[in-house]
Amino acid sequence: MKEVYDVIVIGAGPAGGQCARNLAKKGINVLLVEKFNSFYDNNFSSAGMSMQGFQEFDLPDDVIGQYWKNLSIQTSNELSIWKGDENKGVVLDFAKLRQFLADDCIKNGGEVLMGFSYVAKVVSNNQVIAQFYSKKEDKKISLKAKLLVDATGPARKVIYNSLEEQPKMEKSAGVEYLIKVNDQVYNRFKEDLFFFLGNKWCYKGYSWIFPMSDNVLKVGTAKMLDNDKTKQTESLKQITERIIKDYMNSENHELIDVHGGVVRSTRKITEAFYQDNVVAIGDSISAINPLGGEGIRYALRSADDVAIHIENFIKKGKNTFAVFRKKWRKKYLFTWRLCLFLAETVYKEYPDEKLDARIKKYGSLIDIDQLINIVFEFKFNKIFRRIFSFLSSRIKAKFK
């Protein structure tokens with residue numbers, strides 16, 4: 001271990017790993033720090049992605065858990081299936097993805113430190129001293145850098161010193177079960193991204209089934225959190241277990257893991273992107289699609305976008321992080337607010353009968369490529385231009 005680095009990236013998720021990988025390729029002296037001793041200790045992300053998204057980041061096929069061809073949506077009373085004749089996307093193996101990014105960082109001259117949690121920072125003389133602690137070794141260390149990168153996710157532990165300093169956040173909670181099932185159950189879901197919508201399944205949220213290899217399925221539930229307690233009679237775990245038992249008919253599965261947590265994001269991307277020799281990326285800047293929950297793609301994008309600004313800071317002594325924030329907000333702010341508006345409308349306001357009718361109608365009007373363009377790429381075709389125009393005017397009026 002060195003005592004001084006150009007950059008220390010804290011958090012080795014997709015954003016942190018991709019950032020460290022990029023900086024190492026640029027010849028920047030970078031250290032990537034991960035609090036877990038192994039990437040398999042927190043292998044928790046659902047990690048669904050379109051093929052276009054996967055091909056964007058020069059990732060190897062080794063990080064793919066399974067390909068998917070179809071998109072299925074089960075509402076309270078209707079099942080709509082959009083079928084593809086070829087692979088339309090992937091479900092990533094989250095642990096293998098992060099291991100690859102860390103290994104590629106090392107391959108290009110960077111370093112990786114496992115098993116150390118971030119504790120605190122002290123800024124002094126254009127340097128920042130970061131303190132870390134290893135529970136396994138019962139050891140504290142202090143390392144110096146010109147810049148820290150906060151890739152700690154929704155916690156935003158590095159750029160903010162406490163929760164009280166952070167702007168108002170929208171909160172969502174999720175839980176996911178990793179289960180191994182028999183051939184009959186697996187064959188039913190192995191080629192689909194499968195979603196559940198409607199109050200029958202989850203009030204103010206949605207559930208999913210995503211395939212992995214070797215008869216493994218990811219089954220989860222997520223919902224928006226607010227002060228409305230009506231109709232919230234089941235926990236997220238109870239909803240997920242009901243889907244596994246009653247819908248999937250898989251009582252005799254092998255339970256591999258249960259994981260979950262809370263996602264905190266700002267409605268208008270108002271959090272700090274840079275302050276006190278710390279720049280934030282990934283979920284620390286709300287880089288997650290509010291409509292479908294897709295986060296990995298945008299975490300990786302934030303790491304790619306920030307690389308030139310870190311290079312300016314380290315090699316040229318120029319602080320251009322305000323430009324990074326401005327460009328990111330210009331690119332995503334309206335889309336994010338529109339997605340949040342649509343999510344709140346569908347999850348909170350649509351009665352089951354209306355949702356049944358809408359999904360059934362769209363199932364006959366659009367094909368899977370059009371649906372992927374809407375959900376993953378935000379490309380609205382002619383059918384949705386009128387709806388898009390109407391919703392845009394409403395959201396602009398609402399947030400004016």
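Trainee: Leaving aside its neighbours within four places in sequence, which residues is glutamine 66 in contact with?

Mentor: Contact means heavy atoms within 4.5 Å. By that rule glutamine 66 touches Gly89, Val90, Val91, Tyr186, Lys190, Pro211, Met212 and Ser213, with neighbours within four places left aside. A word on the source: this is a predicted model, where local features need pLDDT of at least 70, side-chain atom pairs count only at pLDDT 80 or more, and totals for chains, interfaces and linings use all residues. Residues are numbered from 1 along each chain as its sequence is written, and side-chain values use heavy atoms, with hydrogens and water left out.

Trainee: What joins the side chains of glutamine 66 and tyrosine 186?

Mentor: A polar contact of 2.9 Å. The term covers a pair of N or O atoms within 3.5 Å; within protein, one must be able to donate a hydrogen and the other to accept it, and residues adjacent in sequence count only if both atoms are side-chain atoms.

Trainee: In which strand does glutamine 66 lie?

Mentor: In β4, residues 64-68. Strands (E, at least two residues) and helices (H or I, at least four) are DSSP runs, numbered from the N terminus.

Trainee: What is the strand order in the open sheet of three strands?

Mentor: Strands of a sheet pair through backbone hydrogen bonds, either parallel or antiparallel. Two strands count as paired if DSSP finds at least two bridges between them. Here the order is β3-β7-β4, with antiparallel pairing. β3 (48-50) and β4 are at the edges with a single partner strand each, so one side of each has no neighbour in the sheet. β4 and β7 (residues 89-92) are joined by four bridges. Opposite tryptophan 68 stands glycine 89 in β7.

Trainee: What order do the strands take in the open sheet of seven?

Mentor: The order is β6-β5-β13-β14-β15-β12-β16, and the pairing is mixed. Its edges are β6 (79-82) and β16 (254-265); each has a single partner strand, so one side of each lacks a neighbour in the sheet. Within it, β13 (residues 192-197) and β14 (residues 205-211) pair in the antiparallel sense over four bridges. Phenylalanine 195 stands opposite tryptophan 208 in β14.

Trainee: Which helix lies across β13, β14 and β15?

Mentor: Helix α7 (residues 321-349), running at about 95° to β15. Axes are lines fitted to C-alpha atoms, for helices over the stretch in contact, and angles run from 0 to 180 degrees between N-to-C directions. Helix α9 (residues 368-375) lies across β5 and β6, at about 75° to β5.

Trainee: How many aromatic pairs are there?

Mentor: Rings of Phe, Tyr and Trp (its six-membered ring) pair if their centres lie within 6.5 Å; planes under 30 degrees apart are stacked, over 60 edge-to-face, and the rest tilted. The count is 20 aromatic pairs. One of them is edge-to-face: tyrosine 118 with phenylalanine 132, 6.2 Å centre to centre and 70° between the planes. Tyrosine 118 is in β9 and phenylalanine 132 in β10, so the pair ties together parts 14 residues apart in sequence.

Trainee: Are tyrosine 118 and phenylalanine 132 buried or exposed?

Mentor: Buried means under 20% relative accessible area, exposed over 50%, partly exposed in between (1.4 Å probe, protein chains only). Both tyrosine 118 and phenylalanine 132 are buried.

Trainee: Which residues of α5 are buried?

Mentor: Leu236, Ile239, Thr240, Arg242, Ile243, Ile244 and Tyr247. Tyr247 also belongs to a cluster linked by ring pairs, with Phe189, Phe194, Phe196 and Trp201.
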